[in-house]
Amino acid sequence: MDGIHDMGGMDGFGKVVAEPNEPPFHEAWEGRVLALQRAMSYAGAWQIDMSRSAQERLPPQVYLTASYYQRWELAMERNVIERGLADADEVAAGHAKHAGKPLKRKLTTDNFTDSMTRGSFYRQAQAPARFKPGDRVRARNIHPATHTRLPRYARGRLGVVELVHGCHAFPDAVATDKGDSPQWLYTVVFEGRELWGPDADTTLKVSIDAFEPYLEPA
Amino acid sequence: MATYRHQHEHGSELSEMQLRVRALETVLMEKGYIDPAALDRIIEAYETKVGPHNGARVVARAWSNTVFKQALLDDASKAVRGMGHESRVGDHLVAVENTPQVHNMVVCTLCSCYPWEVLGLPPVWYKSAPYRSRAVKDPRGVLADFGVKLPKETQIRVWDSTAETRFLVLPMRPQGTEGWSEERLAQLVTRDCMIGTGLPKKPEEIA
């Protein structure tokens, strides 16, 4: 979706300000949110792109004003409710009124480290890769109303395939409950001027990781 | 939960977010989906074990061992796994090498993708709108915010982490470190130089 989260190239957000000696969490609840997300993912309640999609669907004014872990929490509530894992009134009250649904597995103190290793996103290829390193490609000018990982600034732009990362689960399908729909994944490099026009920094190159359905031969 | 409600009714010392997170955690626990003790352990691990010191060890080894460096550039997941890291690395880690000609910088314009296993949790600025919006368009401006100025002819390559691939920048080894041990070299490796928004420390900075 053409949402506020797709920020690459926007102006007006100001300087990048780093915090010296930043702690892992600024408030105890932030750690709870991160750990809850890990535990629910491990349990198979939802996949990472469902989580991203739920954040992207927050109203833009909420997305911009909420802190990072607030967005995670709001997205988690949304997934819990939309996926029927708890009712909205249970979440609001902070108490379960009905029994839970069966989930795939449960994170415990014995297996918690399993949730700290990222799972593999490689999937069995359904067809040979369409592109190889060196191929010129154009990112499609597409505007799906649902989750996608093709940023707006690259759409319609001409680039070159640099790396082929194998076949991966396709976020656009996963986020809309259509399964993994495996797709080839490529690093595609764009010249700064192709993205930002003739006045752009001539020493700049930007790459995205693009799934095959995002690309067409050029 | 009664305790939290009690505090809430009395105008609470607890913030709205604390209450909201506790409510959600309680529901998920009562439903049988989560074990709060496992959550404690995850938080503890992120607070004490996982951090940029892991990535610094990787960089220091690449600086001192050309065979390891080539293995890292060929398949970073495999090479880092072989080091027996505290937090195990997933399948999709890619190391990108800075050279006198090319400076690499990593961003996630769409959210906050970051190589957690080698760098720990991303800092707030990495997840913020200023960094996400500007890194792909004005990386030299972003570097200036970090006090970094590169020669004007240096090529800048920005890697937008739009899929599950995670990028680790392998910075250039500082001059004047000949004969240093891996442990000593690792002290020069900052988190930011592995993201590409900084450069390694100079030997005199850690003397």
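In the predicted model, Val188(A) has Ile208(A), a residue of strand 4 of chain A, as its bridge partner. This pair belongs to the contact between strand 3 (residues 183–191) and strand 4 (residues 204–211) of chain A, which run antiparallel and are joined by seven bridges. On pairing in general, strands of a sheet are held through backbone hydrogen bonds, in either the parallel or the antiparallel sense.

Both strands are part of an open sheet of seven strands with mixed pairing, in which the order is 5(A)-1(A)-2(A)-3(A)-4(A)-3(B)-2(B). From one strand to the next, the twist averages 35 degrees.

The covered face of strand 1 of chain A carries Val137(A) and Ala139(A), whereas Arg136(A) and Arg138(A) lie on the uncovered face.

The sheet passes from one chain to the other where strand 4 of chain A pairs with strand 3 (residues 155–160) of chain B, in the parallel sense and over five bridges; within this pairing, Leu204(A) stands opposite Ile156(B). The contact between the chains as a whole takes 71 residues from chain A and 67 residues from chain B. On the side of chain A that touches chain B, at least two residues each are supplied by helix 1, helix 4 (68–82), helix 5 (88–93), strand 2 and strand 4 of chain A, and the largest share, 10 residues, comes from helix 1 of chain A. The residues of this side comprise 36 nonpolar, 19 polar and 16 charged.

The largest nonpolar core has 111 residues, and those with the most contacts inside it include Leu36(A), Ala39(A), Met40(A) and Val59(B). Helix 1 (residues 28–42) of chain A provides the largest share of this core, eight residues. Apart from its neighbours within four places in sequence, Ala39(A) is in contact with Leu107(A) and Ser115(A), as well as with Ile34(B), Ala38(B) and Leu39(B).

For chain B, the domain assignment gives domain 1 (2–48) and domain 2 (52–205), whose centres, taken over C-alpha atoms, are separated by 35 Å.

Terms used:
Residues numbered from 1 in each chain as written. Chains lettered and ligands numbered in written order. Predicted model: local features only at pLDDT ≥ 70, side-chain atom pairs only at ≥ 80, totals over all residues. Pairing = 2+ DSSP bridges. Helix = DSSP H or I, 4+ residues; strand = E, 2+ residues; numbered from the N terminus. Axes fitted to C-alpha atoms, helices over the stretch in contact; angles between N-to-C directions. Buried ≥ 20, exposed ≤ 12 C-beta atoms within 10 Å, placed from the backbone. Core = buried A, V, L, I, M, F, W, Y, C linked by C-beta atoms within 7 Å. Contact = placed C-beta atoms within 7 Å. Domains from an automatic or database assignment. Nonpolar A, V, L, I, M, F, W, Y, C, P; charged D, E, K, R; others polar.
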